[in-house]
Amino acid sequence: QYTLDQNPSFLSIQERTHADLSCTFQKKTFYNFLWFKQEPGKGLVSLSLIQSSQKEQKFYSVLRMSASHLGDSATYFCALHHSALQAPAACPTTPSWAS
């Protein structure tokens, strides 16, 4: 079983500010993090594939959004990818931006 911790689970910020979404995986192995965005009523859009970083026996990834705008309002998914796995494990975050 694979467990991802994604924080925060909900985020509301002002426009033109930045936001960081973090994803943590506590198993030491060769994984990469994937980030996806899903707007209401639409499909998943792949944002990036990021190699994991390590801090205190945890592997993590941070998705930074700079100068946010209303178009960034969506659900963001963090996922893990390993060459031996067929499908990534995912954990969603739903940020909301106030104008």
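Predicted model: local features only at pLDDT ≥ 70, side-chain atom pairs only at ≥ 80, totals over all residues.

**Surface.** I started with the area. The chain exposes about 6200 Å². I then looked up burial. Of the 99 residues, 34% count as buried.

**Fold.** Next I listed the secondary structure. I found nine strands and zero helices. Read from the N terminus, the order is β-β-β-β-β-β-β-β-β. I also checked the range of the contacts. I took those between residues at least 6 apart in sequence, and 60% of them join residues at least 24 apart.

**Salt bridges.** How many salt bridges does the count come to? I got three. Side chains of opposite charge can pair when their charged atoms come close. I went through the pairs in turn.

I began with R64 and D20. Their side chains meet in a salt bridge at 2.7 Å, N to O. This pair links distant parts of the chain. R64 sits in strand β7, and D20 sits in strand β3, residues 19-25. The two are 44 residues apart. D20 has 32% relative accessibility, so I logged it as partly exposed.

I moved to E39. Its side chain meets that of K37 in a salt bridge, 3.6 Å from N to O. E39 also forms a salt bridge with K42, where the closest N and O atoms are 3.3 Å apart. I therefore wrote K37, E39 and K42 down as one network of salt bridges.

K37 counts as buried because its relative accessibility is 14%, under the 20% limit. E39 is at 28%, so it counts as partly exposed. K42 has a relative accessible area of 52%, so it is exposed.

**Core.** In soluble globular proteins, nonpolar side chains tend to be buried together. I looked for the largest nonpolar core here and found 16 residues in it. Those with the most contacts inside this core are L4, L21 and F33. I then asked which strands supply it. β2, β3, β4 (32-38), β7 and β8 (75-81) each supply at least two residues of this core. β3 gives the most, with four residues.

**Residue S61.** I picked S61 in strand β7, residues 58-65. Is S61 buried or exposed? Its relative accessibility is 2%, so S61 counts as buried. I looked for a polar partner and found W35. The side chains of S61 and W35 are joined by a polar contact of 2.9 Å.

**Residue F10.** I ended on F10, which lies in strand β2, residues 10-14. At 52% relative accessibility, F10 counts as exposed, because the limit for exposed is over 50%. I also took its distance to L21. From C-alpha to C-alpha, F10 and L21 are 9.7 Å apart in space. In sequence they are eleven residues apart. L21 is also among the core residues with the most contacts.

Conventions:
Residues numbered from 1 in each chain as written. Heavy atoms only, no water. Buried < 20%, exposed > 50% of the residue type's maximum accessible area, 1.4 Å probe, protein only. Polar contact = N/O pair within 3.5 Å; in protein donor to acceptor, adjacent residues only side chain to side chain. Contact = heavy atoms within 4.5 Å. Areas by Shrake-Rupley, 256 points an atom, 1.4 Å probe, with all protein chains shown as cover. Salt bridge = Lys/Arg side-chain N within 4 Å of Asp/Glu carboxyl O. Core = buried A, V, L, I, M, F, W, Y, C linked by side-chain atoms within 4.5 Å.
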